[in-house]
Amino acid sequence: MVFKQVDLNKEILRKNEYHLEQSVDDLYGVAEWDPILEELKEMGFCDKEMNKKLLKKNSGSIKRIVMDLIAGEQ
């Protein structure tokens with residue numbers, strides 16, 4: 001469950017300016033991205049926490065995530 005991932009929780013809270021309800025909605029959205037995380041892993045991008053952060057940043061767009069990963073964005 002995504003609520004046990006402290007760094008991800010902090011990142012989403014900051015992004016939502018500490019609006020708890022919006023952050024919870026976003027965290028539930030992250031849980032739906034497991035197939036994309038698996039695909040990123042198969043591509044060789046194995047840092048799951050970074051991938052989750054970029055999933056949130058890029059609203060689930062695998063193309064933009066891969067571009068960020070290649071560019072070394074954090």
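These exercises work through the helices and the nonpolar core of one predicted model.

Residues are numbered from 1 along each chain as its sequence is written. In this predicted model, local features need pLDDT of at least 70, side-chain atom pairs count only at pLDDT 80 or more, totals for chains, interfaces and linings use all residues, and side-chain values use heavy atoms, with hydrogens and water left out.

**Exercise 1.** Find which residues of helix 3 are buried, and what covers them.

*Solution.* 
- Step 1. Locate helix 3 at residues 34-42. Helices (H or I, at least four residues) and strands (E, at least two) are DSSP runs, numbered from the N terminus.
- Step 2. Pick out Ile 36, Leu 37 and Leu 40 as buried. Buried means under 20% relative accessible area, exposed over 50%, and partly exposed in between (1.4 Å probe, protein chains only).
- Step 3. Look down the axis of helix 3: its buried residues fall within an arc of 100°, so they line one face of the helix. The arc is that of the directions from the helix axis to the C-beta atoms.
- Step 4. Recall the general rule: an α-helix has 3.6 residues a turn, so residues three or four places apart point the same way.
- Step 5. Turn to the face away from the buried side. Pro 35, Lys 41 and Glu 42 are exposed there.
- Step 6. Identify the cover. It includes helix 4 (48-57) and helix 5 (62-71). Contact means heavy atoms within 4.5 Å.

**Exercise 2.** List the residues of the largest nonpolar core, and the elements that give two or more residues to it.

*Solution.* 
- Step 1. A nonpolar core is a set of buried Ala, Val, Leu, Ile, Met, Phe, Trp, Tyr and Cys residues joined through side-chain atoms within 4.5 Å.
- Step 2. List the 10 residues: Trp 33, Ile 36, Leu 37, Leu 40, Met 50, Leu 54, Leu 55, Ile 65, Val 66 and Leu 69.
- Step 3. Assign the elements. Helix 3, helix 4 and helix 5 each give two or more residues to this core.
- Step 4. Check Val 66. Its contacts are Leu 40, Met 43 and Phe 45, leaving out residues up to four places away in sequence.
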